[in-house]
Amino acid sequence: MAVRNIRQMGDEILTKKCREIKLLTPRIRLLIEDMLDTMYEANGVGLAAPQVGVLKRVVVVDIGEGPIVLINPRLLESSGEQTGEEACLSVPGKYGIVTRPMYVKIEAWNEDMERVVLEGEELLARAFCHEIEHLEGHMYVEKVEDGLHEAVYEEEDE
Ligand code: ZN
């Protein structure tokens with residue numbers, strides 16, 4: 001297990017389409033563990049493999065309800081709309097306003113290569129959409145409605 005280096009916007013790997021996973025090799029298992037470590041270390045709610053420099057269709061998400069591992073995720077259904085703030089570990093210190101579906105249903109394979117169908121609303125729907133787009137080489141900054149804003153962090157209490 002290890003924290004990997006997060007690629008920043010401008011790195012061309014973030015613009016490339018990722019390849020499907022056909023077999024859960026030890027290398028992919030290690031990638032998944034490292035992605036979880038990297039996401040938690042950076043206090044993110046999601047991370048896609050290209051963000052650590054690997055062009056494979058693997059995503060990890062945790063909106064505070066436990067880790068979700070998605071292999072070869074695919075959007076099945078979406079409905080409604082939500083407009084709100086979004087950020088990305090590859091675009092540190094910034095956020096933007098993005099409109100996403102309020103609800104999505106996705107298909108993926110979990111860390112045991114079992115097919116799962118998951119539903120997400122609100123933040124989880126937003127995270128699923130954001131991360132799946134990374135696998136296609138796209139980033140939320142392409143969708144922001146009012147440009148990128150500087151994130152202002154509140155000072156932490158001692
Ligand atoms: Zn991102």
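This is a predicted model: local features need pLDDT of at least 70, side-chain atom pairs count only at pLDDT 80 or more; totals for chains, interfaces and linings use all residues.

Reply: Residues are numbered from 1 along each chain as its sequence is written, and side-chain values use heavy atoms, with hydrogens and water left out.

Me: Which residues are the protein donors of the zinc ion?
Reply: Donors are N, O and S atoms within 2.8 Å of the metal (3.2 Å for Na, K and Ca), and water is not among the atoms, so sites may look incomplete. The protein donor atoms here lie 2.0 to 2.3 Å from the zinc ion. Along the chain the donors follow the spacing C-x41-H-x3-H. They are Cys88 (SG), His130 (NE2) and His134 (NE2).

Me: How many residues apart in sequence are the parts that cysteine 88 and histidine 130 tie together?
Reply: Helices (H or I, at least four residues) and strands (E, at least two) are DSSP runs, numbered from the N terminus. Cysteine 88 is in the loop between strand S4 (82–86) and S5, while histidine 130 is in helix H2, so the parts they tie together are separated in sequence by 42 residues.

Me: Is histidine 130 buried or exposed?
Reply: Buried means under 20% relative accessible area, exposed over 50%, and partly exposed in between (1.4 Å probe, protein chains only). The relative accessible area of histidine 130 is 6%, so this residue counts as buried.

Me: How many salt bridges does the structure hold?
Reply: A salt bridge is a side-chain nitrogen of Lys or Arg within 4 Å of a carboxyl oxygen of Asp or Glu. One network of them links Glu86, Arg100, Arg126, Glu133 and Lys143. The structure's total is 13.

Me: How many residues apart in sequence are the parts tied together by glutamate 136 and lysine 17?
Reply: In the salt bridge of glutamate 136 with lysine 17, the closest N and O atoms are 3.4 Å apart. Glutamate 136 sits in the loop between helix H2 (122–135) and strand S8 (149–150), and lysine 17 in the segment before helix H1 (26–41), so the separation in sequence is 119 residues.

Me: Is glutamate 107 buried or exposed?
Reply: Glutamate 107 forms a salt bridge with arginine 74 (3.1 Å, N to O). This pair links strand S6 (residues 103–109) with strand S3 (residues 68–79), 33 residues apart. Arginine 74 is partly exposed at 46% relative accessibility. For glutamate 107 the value is 9%, so the residue counts as buried.

Me: In which strand does lysine 94 lie?
Reply: Lysine 94 forms a salt bridge with glutamate 150, with 2.6 Å between the closest N and O atoms. Glutamate 150 lies in strand S8, and the pair ties together parts 56 residues apart in sequence, since lysine 94 lies in strand S5 (residues 94–100).
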